[in-house]
Amino acid sequence: MKAFFLAFIGVVCAATFYVAWHIWRLVPSGWFLRLTIVGLFLAWMASFFFGFAFSEKVPYKAAIPLYQIGNTWLIAFLYLALAFIILDILSLCHLLPKGLLKESWAVLGVITGAVTLLLCAGGSHYHNKHREELTLETSKPLEKPLTVVLASDLHLGYHNRKAELGRWVNLFNAENPDLILIGGDIVDRSLRPVLAEDYASEFKRLSAPVFTVLGNHEYYSDVEGSEKFFKDAGISLLKDSFIDTLGIRVVGRNDRSYPCRPALWEILPSPVILPFTILLDHQPNKLGDAEEDGVDFQFSGHTHRGQVWPISWITDAMYEKSWGHLQKGDTHYYISSGLGIWGAKIRIGTRSEYLVLHINSK
């Protein structure tokens, strides 16, 4: 993890120099104005790293805008870098006039304006929560037809605030669910805002039993504190364990961040006939395990499907299935792109969603 973070820092610093150099070249005025504009861009970058390192140490009310402003820089920076890379390629291929990328307020205005519009559109799209619906029929006995609401990656914290959680609770309750299952990463990377504003009181408004599993972000923040928060919020944690309820079995795996988690077959008992079984496993790795061990439905998250294009291409390449519905044999899977989000509340080419699962007997 440390090596990955250092590599990430190195890539970001190199790319930041590349973007800053292009901005410097495009500003047509003297040194003072160039230094001012590039300095503001670098200060914006510094707010991301400062917030990442010190958000827990600054006053609470200052940590909120620091987190939001700094993380917005990361996505703006991505698209500025992509814009300059494309323009450089076109220039090298002699498809753009020579000198177009030098001393031009017009070009700088078009690039920054386009990126700003893209970020605004992505922010609006993030707040439009998508309701995905899936119906499964089973030959296994059920007490009654079931409606289960499933969501993953709420990432509650300095950006997804208590009022936003309240809106999600209303969406869940509107489905009149029999169960609510959350596939990990309820907490973003800090329990500080979650506890300071009593987010637990919103969870207590949910109209059905709630079960969850640990995600990697619970380990990043404070796994013991997260477990206590779940208990206070009325959320039942399944940690390499299962519960039988309403005629079905809900299995929850500890996140693969935990180095000693058992294999799936070690968690499940092995009677001749299993009840209809739902598996919650935060990260969608080794999907074949669920099929081999007789699970009927697996729900995972974690990938966010990259949150923004073209990072979605990377997650699509990394995972057997990074988003959506999949069937392997008799086992169905749904990999969620997440209800919340890490970092800036912007989605481009992906969506924020929750799943309404109907389970009926044949």
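Residues are numbered from 1 along each chain as its sequence is written, and side-chain values use heavy atoms, with hydrogens and water left out. In this predicted model, local features need pLDDT of at least 70 and side-chain atom pairs count only at pLDDT 80 or more, whereas totals for chains, interfaces and linings use all residues.

**Cavities**

The structure holds two cavities of 30 Å³ or more. A cavity is a set of points, on a 1 Å grid over the protein atoms alone, where a 1.4 Å probe fits but cannot get out; lining residues have an atom within 4 Å of a point. Grid points are joined across faces, edges and corners, and a volume is the space filled by probe spheres set on the points.

| Cavity | Volume | Lining by class |
|---|---|---|
| Largest | About 40 Å³ | three nonpolar, two polar, four charged residues |

The largest cavity is lined by Arg253, Leu264, Leu279, Asp281, Asn285, Lys286, Asp289, Ala290 and Gln298. Around the second largest cavity stand Phe48, Gly51, Phe52, Leu66, Tyr67, Asn71 and Arg189. Helix H2 (31-54) and helix H3 (60-92) each contribute at least two residues to the lining of the second largest cavity. Helices (H or I, at least four residues) and strands (E, at least two) are DSSP runs, numbered from the N terminus.

**Strand pairing**

An open sheet of six strands runs in the order E1-E12-E2-E3-E4-E5, with mixed pairing; two strands pair if DSSP finds at least two bridges between them. Strand E1 (130-138) and strand E5 (235-237) stand at the edges with a single partner strand each, so one side of each has no neighbour in the sheet. From one strand to the next, the twist averages 25°, with axes taken as lines fitted to C-alpha atoms and angles running from 0 to 180 degrees between N-to-C directions.

Within this sheet order, strand E2 (residues 146-151) pairs with strand E3 (residues 179-182) in the parallel sense over four bridges. Valine 149 lies opposite isoleucine 180 in E3.

Strand E6 (residues 241-245) and strand E7 (residues 248-252) are antiparallel partners over five bridges. Threonine 245 has isoleucine 248 in E7 as its bridge partner. E6 and E7 form a hairpin with two residues between them, and leucine 246 in the turn has a positive phi of about 55°.

Key. On a 1 Å grid over the protein atoms alone, a cavity is a set of points where a 1.4 Å probe fits but cannot get out, and a pocket is an open set with protein on both sides within 12 Å along at least five of seven lines; lining residues have an atom within 4 Å of a point. Ala, Val, Leu, Ile, Met, Phe, Trp, Tyr, Cys and Pro count as nonpolar, Asp, Glu, Lys and Arg as charged, and the others, Gly among them, as polar.
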